[in-house]
Amino acid sequence: MNFVEMLKNLWTSTGFAHSEWENYVMMIIACVLLFVGIGLKKEPLLLVPIGFGMLFVNIPGAHDILMKAPTVSGDTTSPGGLLYYMEKGVEWVLFPPLVFLGIGAMTDFGPLIASPKSFILGAAAQLGIFITLFGAILLGFDGAQAAAIAIIGGADGPTSIYVTTMLKQFDLLPAITVAAYSYMALIPIIQPPIMKLLTTKKERAIKMEQLRPVSKREKIIFPIVVTIVCGLILPDSLPLLGMLMFGNLLKECMVTDRLSQTASNGLMNTITIFLGVCVGAKALGTTFLTLDTLKIVVLGLFAFVMGTIGGLLMAKLMCAITHGKVNPLIGSAGVSAVPMAARVSQTVAQKEDPNNYLLMHAMGPNVAGVIGSAVAAGVLLSIFA
């Protein structure tokens, strides 16, 4: 091999020799996500792994190395790429239910148990999912694609990944996931204008009565009853809802502290890293930068807005029925996104009255929204899977 051939081989082994314009656009998008996660501190635990996974795989030539499938030649096996194995957790639908296990182990359902009417607000906020379902069909997506896009309105990233994967919409997974997590991070920007538009100054200043204390017995019975009832009515919701309730039972039963701590810390953090990197790595420029991606981004925003409106309008109705005992702002927290959406309700309320504390009242619809999004996922899967 002469010197010229050596230089030629060296050049062809670099990323520059295989680059396309899509690679550089996606690298810029990845850096934006990293900036939002690190610089703005919005959903950093998810946007940083997703952004880095996107950057990782869009470096020219990296995709073939990272995603390489193992090959067998005689008695010799050539191992696959790093992400080939990691992404099996997404393809085999392992990661999202495990994330729900961790969420359950970190969640206090006390505010929801103390105020069961929060279930209604959580259900009303799923309005965005079903309106967006029909909107996506009108824009040319088939039923399964529309269902995968519509679940963005649940404001729950793992649920979006779960439904999209179960419906085998792998081409749409990167756009749906990036849209879901990006809009979750932007909730403090998206929701307040809608909340102020649909409520009056007097309504935003309403102070609610303190929630009743919830016994440990109630907290133990709650996840068991929810699992049984929802499982009997809608078995398709159990992989997510059942794991959520199992995680919560580990937390509340007081005899499995080690398991609860593992689920909410070590396991949760590990799965979050793998899930984020794998999802980001699916956003390859040549398949991500399409008209369908733009449609998904627009529909995702529409789903979030309609979910917020659904929760607010139901809370306004409750306010009227109870003669001013319910602050309508708590309805916007029904979109899930725990606990960010509840904090937004608190922030908007305190701008009207610094002594108004709505956080615990908003946490009821907020955790009801998590349950509601899992139930909505089960409904969509039972129809379109």
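Trainee: In which hand, left or right, does α14 pass α20?

Mentor: α14 passes α20 in a right-handed crossing. A crossing is right-handed if the near helix is turned clockwise from the far one by less than a right angle, and left-handed if anticlockwise. Helices (H or I, at least four residues) are DSSP runs, numbered from the N terminus. The model is predicted: local features need pLDDT of at least 70, side-chain atom pairs count only at pLDDT 80 or more, and totals for chains, interfaces and linings use all residues. Residues are numbered from 1 along each chain as its sequence is written, and side-chain values use heavy atoms, with hydrogens and water left out.

Trainee: Why are α14 and α20 called oblique to each other?

Mentor: Helix α14 (residues 187–198) and helix α20 (residues 291–321) pack at an angle of about 40°, with their axes 10 Å apart. Axes are lines fitted to C-alpha atoms, for helices over the stretch in contact, and angles run from 0 to 180 degrees between N-to-C directions. Angles under 35 degrees count as roughly parallel, over 145 as roughly antiparallel, 65 to 115 as roughly perpendicular and the rest as oblique. The pair α14 and α20 is therefore oblique.

Trainee: Which residues of α14 meet α20?

Mentor: Ile187, Ile190, Gln191, Ile194, Met195 and Leu198 in α14 do so, and their partners in α20 include Leu301, Phe304 and Leu312. Contact means heavy atoms within 4.5 Å.

Trainee: What makes α14 oblique to α21?

Mentor: The axes of α14 and helix α21 (residues 340–352) cross at roughly 50° and come within 10 Å. That angle makes α14 oblique to α21. The crossing of α14 and α21 is right-handed. On the α14 side, the residues in contact include Pro188 and Pro192, and on the α21 side Val344 and Val348 are among them.

Trainee: How do you know that the buried residues of α2 are on the same side?

Mentor: The buried residues of α2 are Glu22, Asn23, Met26, Ala30, Leu33, Leu34, Val36 and Gly37. They cover an arc of only 160° around the axis, which puts them on the same side of α2. The arc is that of the directions from the helix axis to the C-beta atoms. Trp21, Ile28 and Phe35, on the other side of α2, are exposed. Buried means under 20% relative accessible area, exposed over 50%, and partly exposed in between (1.4 Å probe, protein chains only). The cover over the buried residues of α2 includes α3 (44–58), α13 (173–185) and α19 (285–288).

Trainee: Why does threonine 293 count as buried?

Mentor: Threonine 293 counts as buried because its relative accessibility is 10%. Threonine 293 lies in helix α20 and touches Ala175 and Phe288, not counting residues up to four places away in sequence.

Trainee: What makes the backbone at valine 93 and serine 336 worth a remark?

Mentor: Most residues other than glycine have a negative phi, and most peptide bonds are trans. Valine 93, although not a glycine, has a positive phi of about 55°, and serine 336, also not a glycine, has a positive phi of about 80°. Valine 93 is buried at 14% relative accessible area, and serine 336 counts as buried at 2% relative accessibility. Serine 336 is in the loop between α20 and α21.

Trainee: Is the peptide bond from valine 338 to proline 339 cis or trans?

Mentor: That bond is cis, with omega near -10°. Proline 339 is in the loop between α20 and α21.

Technical notes. Helices (H or I, at least four residues) and strands (E, at least two) are DSSP runs, numbered from the N terminus.
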